[in-house]
Amino acid sequence: MHSRLRLLLLSITVALGCSMMSPVSAAPAAYLDSSGRDDVLAGGVKMITIQTPKGAFRVWTKRVGNNPTIKVLLLHGGPGATMQHFEAFDSYFPNAGIEYYYYDQLGSAYSDQPDQPSLWDLPRFVDEVEQVRKALKLDKSNFYLYGQSWGGILALEYALKYQQNLKALVISNMVASIPAYNRYASTVLMPAMDQKALAEIKNLEAKGQYDDPRYEELLMGHFYVDHILRMPQDQWPDPVLRAFNKINKKIYVPMQGPSEMGASGKLADWDRTAELPKITVPTLAIGARYDTMEPAQMERIAKSVKKGRYLYCPKGSHLAIYDDQQVYMAGLTQFILDVNAGRF
């Protein structure tokens, strides 16, 4: 009788435990609930029509998950790259209940690619983000804007114009000043490189031979694997390779410039350092030790805005999302959840 009683009590305890855990187990179901969404047929994909000075075009977006209070719009790098290198988020954001949106900016990968040079302009890209926000029905109660590299420039510019629509801002692997970026490249990164390789790179650039296979070979062996993604080239993740292969140089070169050793295009004089204190929404700045961008300048963003936090990735480079992934994802996710819970 005694042993039977113990078994009965154990079964009751297990049943009560399952009952108490039901709210937790219900969370994944809510996250996967797409009821009432107008993108269900296409698996979360929505083509959004945007208006430009050169007419109407369509940009590609894809929603993952469902969370009424956390909706993260991802702004990719480049300019003219693609959202594909963000696919690492699939391993982390769903577990945290974070709803997020992949988005190819106009001219990139799955979006329309008009041959209209006048459209490759920072203010127009900012206007595009605002049109996308409205189409996705994001607002200050749930809208987290995340930008990496060039996407960080775009996110910062958006915040300075439209921060009334934001719940929080993330600037990843980007400084607030291109002149500061160029100074760091010339005074710190280049002197630390193999000088023979650097001389050959500079010689190819002087001749305008940016498409020479040797140029790419030198950059990969002496710059990319040290400052873009700190992994052997043959171990670079597939999403990164696909993103690199889809860069639209008709956008990238006019805005960033043809050289990978600094910026020389339309963005060469871009500097928003003085305007950083105007940003009042919770802001996370992410920097990495081996980045092409100076970590101290990225930390400066967090210190200059009204409500800032700095995430430092000690093993990371420009794509710390991959080469210091655990630190990166833990810090980014914690920031989002802290803001959502009112703990920031």
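Tutor: The following account goes through the sheet, then the helices and loops beside it.

This is a predicted model, and the protein chain averages a pLDDT of 91, with 92% of the residues scoring at least 70.

Strands of a sheet pair through backbone hydrogen bonds, in either a parallel or an antiparallel sense. Here, 8 strands form an open sheet, in the order 1-2-4-3-5-6-7-8, and the pairing is mixed. The edges are strand 1 (45-52) and strand 8, each of which pairs on one side only. From one strand to the next, the twist averages 20°.

Strand 8 (residues 308-313) pairs with strand 7 (residues 283-288) in the parallel sense, over 6 bridges. Within this pair, A285 stands opposite Y310 of strand 8. To pass from strand 7 to strand 8, the chain runs through helix 9 (residues 295-304), and this β-α-β crossover is right-handed.

Elsewhere in the sheet, strand 3 (residues 71-75) and strand 4 (residues 99-104) run parallel and are joined by 3 bridges. V72 has Y100 in strand 4 as its bridge partner. The loop between strand 3 and strand 4 contains P79, and the peptide bond from G78 to P79 is cis, with omega near 0°. Most peptide bonds are trans, and most residues other than glycine have a negative phi. S149 is found in the loop between strand 5 and helix 3.

Two helices can now be placed against the strands. Helix 3 (residues 150-162) lies across strand 3, strand 5 and strand 6 (168-172), and runs at about 140° to strand 5. Helix 2 (residues 122-136) lies across strand 1, strand 2 (55-64), strand 3, strand 4 and strand 5 (143-148), running at about 135° to strand 1.

Finally, helices also pack on one another. Two packed helices are described by the angle between their axes and the distance between the axes. For helix 5 (residues 195-206) and helix 6 (residues 213-228), the angle is about 145° and the axes are 10 Å apart. Their crossing is left-handed. Helix 5 makes the contact through A197, E200, I201, L204 and E205, and helix 6 through R214, Y215, L218, L219 and H222. By class, this contact has 6 nonpolar, 1 polar and 3 charged residues.

Conventions:
Residues numbered from 1 in each chain as written. Predicted model: local features only at pLDDT ≥ 70, side-chain atom pairs only at ≥ 80, totals over all residues. Heavy atoms only, no water. Pairing = 2+ DSSP bridges. Helix = DSSP H or I, 4+ residues; strand = E, 2+ residues; numbered from the N terminus. Right-handed = clockwise from strand over helix to strand, strands pointing away. Axes fitted to C-alpha atoms, helices over the stretch in contact; angles between N-to-C directions. Left-handed = near helix turned anticlockwise from the far one by under 90°. Contact = heavy atoms within 4.5 Å. Nonpolar A, V, L, I, M, F, W, Y, C, P; charged D, E, K, R; others polar. pLDDT = per-residue confidence, 0-100.
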